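Reader: Please take me through this model slowly, and set each label against the cut-off behind it.

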Amino acid sequence: MVVDDVDDGGLSRLFHALSDPTRRDVLRRCAHGDLSVSRLAAEYPMSFAAVQKHVTVLERAGLVSKQRRGREQLVRTEPEALARARRALDELEALWRGRVERMSALLTQESPTSRPPARGPRHTEDQDPTKGPER
């Protein structure tokens, strides 16, 4: 599946980055304004290096960008990457809704009289099912 200019690998990186609650929180915090990596690190009960790794995963997925301002690296949320994720999910939803609608239409078209007969010989009350057919 391809959404705009994002290939399957790009979508995998995008959804992998979004799968972690800390990374989603970093996105939310940075959506309100650019934050330095050190400011972000102060908000979490983990090391600076661990927060830096989370930011790197987000950056590789295109969800954030970093800009050096003096001694700090400011992290900014990239809304277009979130829009790509939304489009990918919308496409999947449309695909599955179409499949469900087609199955539903097929099931409503089938009436009890249009079902094919059951396969195999039918036994009457006069026949013993343990014996072969009478000749």
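**Labels and their cut-offs**

Author: Arg 13 has its place in helix 1 (residues 8–18), where helices (H or I, at least four residues) and strands (E, at least two) are DSSP runs, numbered from the N terminus. This is a predicted model, in which local features need pLDDT of at least 70 and side-chain atom pairs count only at pLDDT 80 or more, while totals for chains, interfaces and linings use all residues. Residues are numbered from 1 along each chain as its sequence is written, and side-chain values use heavy atoms, with hydrogens and water left out.

Reader: Why does Arg 13 count as partly exposed?

Author: Buried means under 20% relative accessible area, exposed means over 50%, and partly exposed is in between (1.4 Å probe, protein chains only). Arg 13 has 44% relative accessibility, and therefore counts as partly exposed.

Reader: What does Arg 13 touch, not counting residues up to four places away in sequence?

Author: With contact meaning heavy atoms within 4.5 Å, Arg 13 touches Arg 60 and Ala 61. The C-alpha atoms of Arg 13 and Val 57 are separated by 8.1 Å, although these residues are 44 apart along the chain.

Reader: What makes helix 1 roughly perpendicular to helix 5?

Author: The axes of helix 1 and helix 5 (residues 79–109) come within 11 Å and cross at roughly 105 degrees. Angles under 35 degrees count as roughly parallel, over 145 as roughly antiparallel, 65 to 115 as roughly perpendicular and the rest as oblique, so helix 1 is roughly perpendicular to helix 5. The axes are lines fitted to C-alpha atoms, for helices over the stretch in contact, and angles run from 0 to 180 degrees between N-to-C directions. Residues of helix 1 that meet helix 5 include Leu 11 and Phe 15, and among those in helix 5 are Ala 85 and Leu 89.

Reader: Is His 54 buried or exposed?

Author: His 54, in helix 4 (residues 48–60), counts as buried because its relative accessibility is 14%. Leaving aside neighbours within four places in sequence, His 54 is in contact with Asp 20, Thr 22, Arg 23 and Met 46.

Reader: How do you know that strand 2 and strand 3 pair, and how many bridges join them?

Author: Two strands pair if DSSP finds at least two bridges between them, and six bridges join strand 2 to strand 3 (residues 72–77), which run antiparallel. Ser 65 has Arg 76 as its bridge partner in strand 3, and Gln 67 has Leu 74. Strand 1 and strand 3 also pair in the antiparallel sense, over two bridges. The open sheet of three strands has the order 1-3-2.

Reader: What places Arg 99 over the face of Trp 96?

Author: A charge sits over a ring if NZ of Lys or CZ of Arg is within 6 Å of the ring centre and within 35 degrees of the ring normal. Arg 99 lies over the face of Trp 96, at 4.7 Å from the ring centre.
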